[in-house]
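User: Can you walk me through this one? I'd like the chains and the packing.

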Amino acid sequence: MNVAAAARAGAAEASAAAPLVVEGLTTSIRIDRRWFDAVRDVSFAVQQRETLALVGESGCGKSLTALSVMGLLPAGVGRISAGRITVDGVDMTAASEASAQAMRGDRIGMIFQEPMTSLNPVLTVGFQIAESLIEHHGMSGRQARQRALELMELVRIPAAAQRIDAYAHQFSGGMRQRVMIAIALACAPKVLIADEPTTALDVTIQAQVLALLADLQQREGLAVLLITHNLGVVASVADRVIVMYGGDVVESADVDAFFARPTHPYSEALLAAMPRVDRSAAALAPIPGQVPTLPELPAGCRFQSRCPLRVDRCAERPPLMALAGSPGHSVRCWVRAP
Amino acid sequence: MSATTAATPTATPTAIAAPSAWKRATRSGGLMIGLVIAAVMVIIAIAAPWLAPYDPNEQNVLLKLEPPSADHWFGTDAFGRDVLSRVIYGARISLFVGAFATLAGVLVGTVIGVVSGYLGGMVDRIVTAATDVLLSFPQLIMGLILVAVLGANMFNLILAIAITAVPAFIRVARASTLAMKERDFVDACRALGFGGPRIMFLHVLPNIMDEVVVMGSLWFAAAIRTESTLAFIGLGVPPPTATWGGIIRDGFDNLLDASWLSIFPSLAILAIMIALNLIGDGLRDATDPRAPQ
């Protein structure tokens, strides 16, 4: 534990000014009256203009991490049981619900997977963009509308002036996601959480939306936490990658190092399972088995039941994060980084 | 706004507008017929002093129980009062009581239902239990008890009928809110740091209004029916004020030899019932996404 604590302290020191700092986050969820750690001792920091990708398959804890950061864990079902989350200098875990609410939408924005359903069908998009400005910055309706128009132009919605009073169903998927981005950025947040922002879009629109996001990120100095299972998206926009499995961070690396030398067996398996144009589809290697449910998670390394490199020690004690070759590249594996 | 007007609409967005709910609604004849009948009724009620040929309460013992004639289209009652004039004035009471009772029931019931559904937990359990208890009384019995306890005057009548409507609207609004709460845009609102009241009344409420309005038009009919029934059994707006239920009651004693006394107000009730139900069905069809478009 001393190693982890030291690493955490180090991370905190290095990233004192980072807009988003997560230290030793453990989030528990309740299943049948028992609490299970669905996110375990996760630490990272996201700097201004940096994109950190949280990668993993469904149920690995990446979305739960995002909800913890937003302070939107469902009451009675999820709770933060340890750790600290600092957004723009404010400790979200110690904040009252009222001050957490004031942070959301103002200093921390979020965009969702489904642009089709994340907009209110009976309110105009202009109003929905303006709304958080009215709520958080006390703008008048007219000021907020003017700003909403600027934001629609900022996210490059064509003919913004004519579409400000249109409804969500009058927009295509890509345009709706642009509206969602405009809403999230309305109050000029320091941190943007993008939860599978392009999964529901087709590939060409994906590329446009990602390019727009990257551009806005540089312009506004955003720290972006990107949650995805799409390694193609990671390769194109992320600066750093954190791979999660069963609630644990199993690998953390710069994006180049990650794709050049994926070190954790789970990361290797993820990359091998990704279709690539330069390989035949038959060469896809699925990962055998499935993610164990929380009550079934084994002691020791949580990936052991599906791991090709398993040794006896994996079942005995959980591995710790350890450096793997280059600085900033660490892995949780007894075999690869003992 | 200046930017909007300054921009030349060269590239108008090519949104292919789906037929609006209004267009879909008016395409079916039922809703239109219902609206026309209801509109005529409302006009009659408002214009009663000019439309009614006689004072509805003017008695004339020489002309009692006259059958329909050119002078008295709907005949006269046992006091020699003109039945047509009484039916016209009766529309005022029935529509007024029905409208305000429904409106009050919709307002109170919908607010409670939305809050209960959105907050969940203990509040929701208490509200649901109370609603179930209230709904277990038949509407008429409940109205009857309330009027009997409160006393029969117009305000108490509206209050009593509104109270019978509240649990039904709680139930509809709560169920719709529960469905709405699972929608992504509500999560998005929470991620934007919006508080409960804003989410409930600005985001959820407009999305459930279609169901509430459909329910409202059907309950409007039920409220008029309850008002008439209470008047018929003598618990309505006290005489001599003309109400449809009251006129039927007055005519009931002479039903065999002067059936027009009861028939004409009954027809008036029937017409408004049919109209409101046609409106309710038409609105439901128009707002139901599963309906063929």
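User: Ground rules first, please.

Analyst: This is a predicted model: local features need pLDDT of at least 70, side-chain atom pairs count only at pLDDT 80 or more, and totals for chains, interfaces and linings use all residues. Residues are numbered from 1 along each chain as its sequence is written, while chains are lettered from A and ligands numbered from 1 in the order in which they are written.

User: How many helices and strands does chain B have?

Analyst: Chain B has 12 helices and zero strands. Both are DSSP runs numbered from the N terminus: helices are H or I with at least four residues, strands are E with at least two.

User: And what percentage of chain B is buried?

Analyst: 43% of its 293 residues. Buried means 20 or more other C-beta atoms within 10 Å of the residue's own; exposed means 12 or fewer; partly exposed is in between, with C-beta atoms placed from the backbone.

User: What share of the chain B contacts links residues 24 or more positions apart?

Analyst: 72%, among contacts with a separation of 6 or more. A contact means C-beta atoms, placed from the backbone, within 7 Å.

User: Switching to the core. Which residues touch the most other members?

Analyst: The largest nonpolar core has 175 residues, and those touching the most other members are A:Leu20, A:Ile129, A:Met152, A:Ala182, A:Ile193, A:Leu225 and B:Phe169. α10(B) gives the most to this core, 17 residues. Such a core is a set of buried Ala, Val, Leu, Ile, Met, Phe, Trp, Tyr and Cys residues joined through C-beta atoms within 7 Å.

User: What does A:Ala182 touch?

Analyst: A:Ile129, A:Leu151, A:Met152, A:Leu154 and A:Val155, leaving out residues up to four places away in sequence.

User: How do α4(A) and α7(A) pack?

Analyst: α4 (residues 125–137) and α7 (residues 173–185) of chain A pack at about 25°, axes 7 Å apart. Axes are lines fitted to C-alpha atoms, for helices over the stretch in contact, and angles run from 0 to 180 degrees between N-to-C directions. A:Val125, A:Gln128, A:Ile129 and A:Ser132 of α4(A) meet A:Val179, A:Ala182 and A:Ile183 of α7(A). That contact has five nonpolar, two polar and no charged residues.

User: And α9(B) with α10(B)?

Analyst: Their axes come within 11 Å and cross at roughly 145°. B:Phe185, B:Val186 and B:Cys189 of α9(B) meet B:Ile199, B:His203 and B:Val204 of α10(B). Five of the contact residues are nonpolar, one is polar and none is charged.

User: Last one: where is A:Gln48?

Analyst: A:Gln48 is in the loop between β2 (34–46) and β3 (51–55) of chain A. A:Gln48 counts as partly exposed because it has 16 C-beta neighbours inside 10 Å.

User: What does A:Gln48 contact?

Analyst: A:Pro19, A:Gly221 and A:Ala223, leaving aside neighbours within four places in sequence. A:Gln48 and A:Ala223 are 175 residues apart along the chain, with their C-alpha atoms separated by 4.6 Å.

Notes:
Two residues are in contact if their C-beta atoms, placed from the backbone, lie within 7 Å. Ala, Val, Leu, Ile, Met, Phe, Trp, Tyr, Cys and Pro count as nonpolar, Asp, Glu, Lys and Arg as charged, and the others, Gly among them, as polar.
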